[in-house]
Amino acid sequence: MNAFQLLKADHEKVAQLFEQLESASGKAKLGVFDQIRTELELHTHIEEKIFYPALEKPAETHDLTLEAYEEHAVVKKLLQELGRARTANEEWEAQAKVLQENVEHHVEEEENELFPKASQALEEEEIEALGERMEAEKARRQGGARSSAKKGGAKKASKKSAGGKKGGKSSGKKGGSKGGSRKSGSKGGKRSTKKAAKKRRR
Ligand SMILES: [Fe+2]
């Protein structure tokens, strides 16, 4: 799959998800949004890591590529804000619509302006190689996400052990504070012995 085919397939998938978003309601809406977010994050990642750097240098694609980075930044910000919502209220729907419009504009510009210019600026083999690299990066990220979901327990356990280590460090500090509390404890001890002494004197 060359770079254009791969990215167009991504665009198509996201367009379908946006259609689903419109017809979904309630909690299901947020579920569809999560899918859109996952897709767009993966898509912007492979473009920014592999596709855009190859298009930044050629004069034909330079300006459009810089614009594309900026458009991605806007999309990412919207994704973040929308992702914070617990319910899809009217404001959320309005913002989701803005996201959709931004994505649609970006996709149109890529497919109708950037891709034709990129096919002039780059050799066919380069476009093929970029597609393969993006495909591999996608699989790597998806595989990573999947295996971490599978190894959820193991990861948690390793996190725990990491936390344990950290805990060890901080407990070292805590040990210090414990030492402090021990001191205060010993002060308390002294006090109590004084009290005890007073009692004894009485
Ligand atoms: Fe893009």
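Helices (H or I, at least four residues) and strands (E, at least two) are DSSP runs, numbered from the N terminus. The structure is a predicted model, in which local features need pLDDT of at least 70, side-chain atom pairs count only at pLDDT 80 or more, and totals for chains, interfaces and linings use all residues. Residues are numbered from 1 along each chain as its sequence is written, and side-chain values use heavy atoms, with hydrogens and water left out.

Cavities were considered on a 1 Å grid over the protein atoms alone, a cavity being a set of points where a 1.4 Å probe fits but cannot get out, and lining residues having an atom within 4 Å of a point. Grid points are joined across faces, edges and corners, and a volume is the space filled by probe spheres set on the points. In the whole structure, 2 cavities of 30 Å³ or more were found.

The largest cavity has a volume of about 90 Å³. Its lining consists of Asp10, His11, Val14, Leu40, His43, Thr44, His72, Val75, Val103, His106 and Val107. At least two lining residues are supplied by each of H1, H2, helix H3 (59–83) and helix H4 (90–121).

The second largest cavity holds about 40 Å³ of space and is lined by Leu64, Ala68, Glu71, His106, Glu109, Glu110 and Leu114. Two or more residues of this lining are given by H3 and H4, and the largest share, 4 residues, comes from H4. By class, this lining comprises 3 nonpolar, 1 polar and 3 charged residues, where Ala, Val, Leu, Ile, Met, Phe, Trp, Tyr, Cys and Pro count as nonpolar, Asp, Glu, Lys and Arg as charged, and the others, Gly among them, as polar.

Definitions and conventions: 1 Å grid on protein atoms, 1.4 Å probe; cavity = no way out; pocket = protein on both sides within 12 Å on 5 of 7 lines; lining within 4 Å.
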